[in-house]
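Student: Could you walk me through reading aromatic contacts in a model?

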Amino acid sequence: MVDLKAGSRPPWVGLGAAVWVQIAAGNAYTFSLYSPVLKSVLGFSQQQLTILGVANDIGENVGILPGIACNKLPPWSVLLVGVFTSFFGYGVIWLAVTQTLPSVPYWVLWCALCVATNSSAWLGTAVLVTNMRNFPLCRGTVAGILKGYIGLSGAVFTEVFTMVLNGSASNHLLLLTLGIPAIGLAMMYFVRPCTPALGEDSREHGHFLFVQGASVALAVYLLTTTILKGFLSLGNAISYTFIAVMVVLLMAPLAIPLKMTLFPVTSKKQGEQADLVGDEGDSNTMDPLLTPSSSATNIGSYYESEDVSEVDMLLAVGEGAVKKKRKPRRGEDFTFREAIVKADFWLLWVVYFFGVGSGVTVLNNLAQIGVSLGVNDATILLSLFSFCNFLGRLGSGVVSEHFVRSKTIPRTFWMAVTQSIMVLTFLLYASAMNGTLYAATALLGVCYGVQFGIMIPTASELFGLKHFGIIFNFIGLGNPVGALLFSGWLAGQVYDTEAAKQLGSSCIGVNCFRLTFLVLAGLCGVGTLLSIVLTVRLKPVYQMLYANGSFRLPQSSDH
């Protein structure tokens, strides 16, 4: 790990670079922009299109290999894999849509889309794991910011799609083929591990507030300009100006390392900070949360204090072992094998599966849902969903961080709240009452985003950061599994059945998705109950982890 002073510029440079990588990693959220062309140019049915949507989600969320790679390879090499997968995957789809490669088999396109969107897993995992380790005391905040920006990526691409590419799906695919690799190559030097700070710093809190404010400003700007483009005829000069302002807002987080360069902390203040860290370093709450030997320094001492009977010791010696180490406790570093045998792991997986699986079903079919209810242009719906998805991701990090520190309320409490709201949202979709489409989409976007913003820091707090990459990516498989079952099978079957009744390939009316929405409402009801059970189970764990108002490793607590 790079030996850098805690709180120095490189972690903030890496966070600023991660913003751009996360925007690129959100390429999977643009499926609705080019899916109509796949259907019209290549002649696919709605079920074939939804199965491609499943490929989109599988590629985006299958991050087991990136998770393993993050423990064995430097971040730049993980990013490089994402660069190659996006180039080759989207390149094949672009060649098919432009008819440069005529008669491309369906299975080839399905695999190409899996490969293309798998770039999201490689890019996103590299920057998320690296920054969570660089800022271990602010896990909820960091996860909220980074997942918030990836939630905004759909709106960013929609802005470019409408204002620069003039709604051309083929040009959009070309942008994904070339633009994502360009961003990955440009940012890979700046995303690197640094020594984390040993204690909390008030300046760091201000820096995070600035990044959060910049992301909210970007979100409001994107929503406003997309709506203006939808209702007004804007010239090229104005459109390009809007894009230029968007780029400036995306660069805003880099103002923090720039400020630290232009106005460095004086040597006196540095000495005071070092003394503070040194004084507090003896306390348990200020131990480094991730070092190259975190298990040895933070957990190894626990083994030494355990009582071992003479019989046990004799048996151990007889078997050739000196000492039998106990299993880790929640809050310590788990291996993947140790984590997957825990009930809390699978409860978190199932709750996340119901939440994101139902949400991604709507996202994948948003264009068709809009058409069936009389909204032919899905760009505003997609921008609204992206904006609210961002609010859910960012807000869940801020809100859960506040309540976990002040009231030791487990983060999963907010999964219970939002999935109960999702039940009402799906019933609102099913009712198809006038004026409810946009309201339901906004509510669903917020609740969908919360699932991401809560699952990630929860997984790191329960099972540690050492194998965090593979653990959170395995839980993330709930997204593609949900997409396969709820979008590819359920929604596609219901839609095609209703379309056949209308003697066409397209379906118009409330019945196109009504049954799907009712089933999704029931699933989120079950998810609400399970998340309540998980929250009750985790309450004593969070009381231990946040006993002093900030995160600390447990010193004496059994599983």
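Tutor: Rings of Phe, Tyr and Trp (its six-membered ring) pair if their centres lie within 6.5 Å; planes under 30 degrees apart count as stacked, over 60 as edge-to-face and the rest as tilted. Bear in mind that this is a predicted model: local features need pLDDT of at least 70, side-chain atom pairs count only at pLDDT 80 or more, and totals for chains, interfaces and linings use all residues. Residues are numbered from 1 along each chain as its sequence is written, and side-chain values use heavy atoms, with hydrogens and water left out.

Student: Which residues form one aromatic cluster?

Tutor: Phe334, Phe336, Phe345, Trp346, Trp349, Phe353, Phe354, Phe463, Phe474 and Phe486 do.

Student: How many aromatic pairs does the rule count?

Tutor: The count is 30 aromatic pairs. Take tryptophan 12 and phenylalanine 208: their ring centres are 5.0 Å apart with planes at 55 degrees, so this pair is tilted. It links distant parts of the chain, 196 residues apart, with tryptophan 12 in helix α1 (residues 9–25) and phenylalanine 208 in helix α9 (residues 202–231); helices here are DSSP runs of H or I, at least four residues, numbered from the N terminus.

Student: Where does arginine 393 lie?

Tutor: A charge sits over a ring if NZ of Lys or CZ of Arg is within 6 Å of the ring centre and within 35 degrees of the ring normal. Arginine 393 lies over the face of phenylalanine 452, 4.0 Å from the ring centre.

Note on methods: Helix = DSSP H or I, 4+ residues; strand = E, 2+ residues; numbered from the N terminus.
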